[in-house]
Every structure is written in structure tokens, then in C-alpha cells.
Amino acid sequence: MTTSPLAELSTHVADLISRVHLATTLADLQADEPFLIGKRSVLSSLQKSLGALAPEERKAAGAQLQEARRVVEEAFATHRATLERSARSAALEADRLDLGDVVLAQVHAPVAVGHPGIVAATQRQLEDVFVAMGFRVSEGPEVESDWYNFEALNIPPAHPARGMWDTFYVDLGEPETVVLRTHTSPTQIHLMERAVADDSLPIHSVMPGRCYRRDTPDARHLAAFHQIEGLVVDRGISFADLAGVIETFTHAYFGADISSRLRPAYFPFTEPSAEFEITCTICRGDGCRTCSHTGWIELGGCGMLDPAVLEAVGIDGDEWSGFAFGFGIDRCAQMRHQIADMRALIENDVRFLRQFS
Ligand code: FA5
């Protein structure tokens, strides 16, 4: 009687399964695959030997061998899944960033507390000075129509005075009809229109806010800067009232030792007009780079309201008169804190900013 080629099958299956489990890495298992379930496996040799069996025996032996192969392949797949899982966890573990130390370091580091920027702080101080003098504080939009920024201020299209303000236009509506305001003076118009509509004259207001000009930044200029506008509309107002307000403000804000002066100037919306200058605080009047060696720094412009402006907003110039002024908040901050170059205000160097906390 011949021994069946499958006589040792269960031993082979047990051997193959324990060999599967001997592999401790995916690479080992992969390398052994041909010997475990592939062409070089004992199962494949047994498959070939079945050919020698009688047909009726071959069928039963074939089914037995197929079952044995299923069991070994299942053990192989299960072990491969286990090895893949542990390989993934090992990779994740290797990538893990231990934040313990970092978090601890942050908890113990001193926390830097912010504070209002120097320009914002200056704006508040200026508002306080004017409120103490009896003014109210109002605000207007930064994006204006050509009418508010220019026309209502007696600057019609193509007027040569438009060259005084190098303008950023907003791409809205008809070309060159919407602007980033070049000064806070259009807010005067809004205020006067409102006072006429509400029948609430007189006006004693200051209007701080951001303005934009296509100016090349230098020691005294920025492209986005701040002004504070002043407007008084009342009965019997004269140039002496304007000069008194400017003088009182200068001493209240800069101190008694800083002088101011008014010099004749031209603005289309005031007549007469003046430029308002103070002693340069960097050189105390001796002359330096910041004041272009003049000893004086221009803070702003001012003047008596031009009758054409009163007419544009519907105020009776026979009954009411007034004055307006507008000056640079950044320029005030620069002079008050003796900052030689205004560009330092926008460079965000914390060593500079910390000095003004
Ligand atoms: C005006 O803007 C007029 N609207 C002022 C005015 C108001 C006159 C009311 C009469 C009545 P001017 O262009 O000179 O004027 O600007 C006034 C001030 O704003 C300047 O003196 C300066 O302090 C500040 N300023 C102007 N341009 C800049 C700039 N690019 N960067 C920083 N500050 C500026």
C-alpha cells in the first residue's frame, strides 16, 4: 500500500503557521512569502504530487490540500495585518512631537501685554485737550466722493489746487469720482450739512481720522497718516478767535516753552488762510534734518471759512461765520516725543514701540 502524499499535511500546516509567526517585521514576512504560500512552498510541491494519485483519490486530496492552503494563507494575512499596524504605530511614535517642554516654557515666560499705539494715544490726548476747550468730537468716512473731498470745499474739477493733494482714487463708479480722503476737511461738510438739516447750529467740533495721499514716505510724511480737523461755526467769529484757539492748544499740548506762529497761506476753502507752525522740538529751533534746517515744523493749515463753502452747504454767511483748522496727528506725536523720522511710527519695531507704553 502506497502512503498518501498528504500523510504529513497537518505537520506541514503547523510548521508553516509557526514560521509565519516567526517573522517579526513586514520585510521578513514579505521575504518568506514564496516559501510559505508561494510557488516554493511545500503546499505547492504537494499540489504537484497529487497528479500521481488515482482520479477518485485526487479529488478528495485536492479538497484537503485546498483547505490546508486556506488556513495557512489566513494565518499569513492576519500576521501581516498585525505587523502593518505595529509598523504604523512605530512611525507615528517616531513623528510625535513632545510639546511638554514647550508648553511649560511658555507658561513660565513673562507675558507681554499690549498697549495703545503712539498715534492712537496721541489722538486721545488731542481730543482731551479740545474737549477741555469746549469742542465736541465727531468722525467722518475715510472713503469720500469727489464732491465732499474737493468740490464742496471750493475745489472744482481741474482747479490747480487739486495738485496740493496727490490723491488715491477708488475703483468705483465713474472714474475718479470716489477717493480715499486726502484730508479730514470733508468731515466739516458732513457736519455742516447735518447741522443745517437738524437746525442745530452753532458747531464747535474736532474730527480726528485717517487720511491718504500718494506722498513718498520721508522723515515728515507717510502715505496713510492722521489729521484732526477743527470747525467752529457761530455768530460773530473772527480770526482772533482762531489764533487764540491755536495758541491755547499749542501751550496745552506741547508746553509753555514751545512757540507757535501763523504764516499766510492759501487753501481754497478758507479766506484768509494760514499755516500753523511750532518750534521744532528735535533741535529746539536750531535747525536739523527733520525741520529741513528751518527750526520750525508745519503742523497744519487753518483759516476763516470761505463764503463759498458756507453757501455750498446752505448756511447763511450773513448770519454765521466760522473758522477751521486741520493738522497732522502723526506730526504732533513726532514733535511731542521728538521722533526724528516719522517712518518709525509704521515700522513696528518693538524696541521703538515699547518706549511709549
Ligand atoms: C490740509 O490738509 C488742509 N485740509 C488743512 C486745513 C484744514 C486748512 C482746515 C484750512 C482749514 P495740508 O495739506 O497742509 O492741509 O495738511 C495739513 C497737515 O497734515 C500738515 O501740516 C501735516 O501736519 C499733515 N500732513 C499732510 N500730509 C501728510 C503726510 N503725507 N504725512 C503725515 N502728515 C501729513
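Which domains does the domain assignment of the protein give? There are two: domain 1 covers 9-95 and domain 2 covers 118-356, with bounds that come from an automatic or database domain assignment. Their C-alpha centres lie 89 Å apart. Keep in mind that this is a predicted model, where local features need pLDDT of at least 70, side-chain atom pairs count only at pLDDT 80 or more, and totals for chains, interfaces and linings use all residues. Residues are numbered from 1 along each chain as its sequence is written, and side-chain values use heavy atoms, with hydrogens and water left out.

Now to the ligand. You'll find the ligand in the largest pocket. A pocket here is an open set of points on a 1 Å grid over the protein atoms alone, where a 1.4 Å probe fits and protein lies on both sides within 12 Å along at least five of seven lines; a molecule sits in one if more than half of its atoms lie within 2 Å of its grid points. Several elements give two or more residues to the shell around the ligand: α8 (185-198), β5 (224-234), β8 (296-305) and β9 (321-328). β8 gives the most, with 5 residues. Helices (H or I, at least four residues) and strands (E, at least two) are DSSP runs, numbered from the N terminus.

In total, 26 residues surround the ligand, and the closest are Arg213, Asp215, Leu222, Glu298 and Leu299; to count, a residue needs a heavy atom within 4 Å. Two of those closest residues also turn up in polar contacts (pairs of N or O atoms within 3.5 Å). Glu298 puts a polar side-chain atom 2.6 Å from a ligand oxygen, while Asp215 has one 2.7 Å from a ligand nitrogen. As for cover, the ligand taken alone exposes 680 Å², and the protein buries 96% of that (Shrake-Rupley areas, 1.4 Å probe).

A few backbone details deserve a look. Most residues other than glycine have a negative phi, and most peptide bonds are trans. Leu201 and Pro202, though, are joined by a cis peptide bond with omega about 5 degrees, and Pro202 is in the loop between α8 and β4 (203-212). The Glu271 to Pro272 bond is also cis, omega near -5 degrees, with Pro272 in strand β7 (residues 270-279). Finally, Gln338 has a positive phi of about 50 degrees.

Conventions
A polar contact is a pair of N or O atoms within 3.5 Å; within protein, one must be able to donate a hydrogen and the other to accept it, and residues adjacent in sequence count only if both atoms are side-chain atoms. On a 1 Å grid over the protein atoms alone, a cavity is a set of points where a 1.4 Å probe fits but cannot get out, and a pocket is an open set with protein on both sides within 12 Å along at least five of seven lines; lining residues have an atom within 4 Å of a point.
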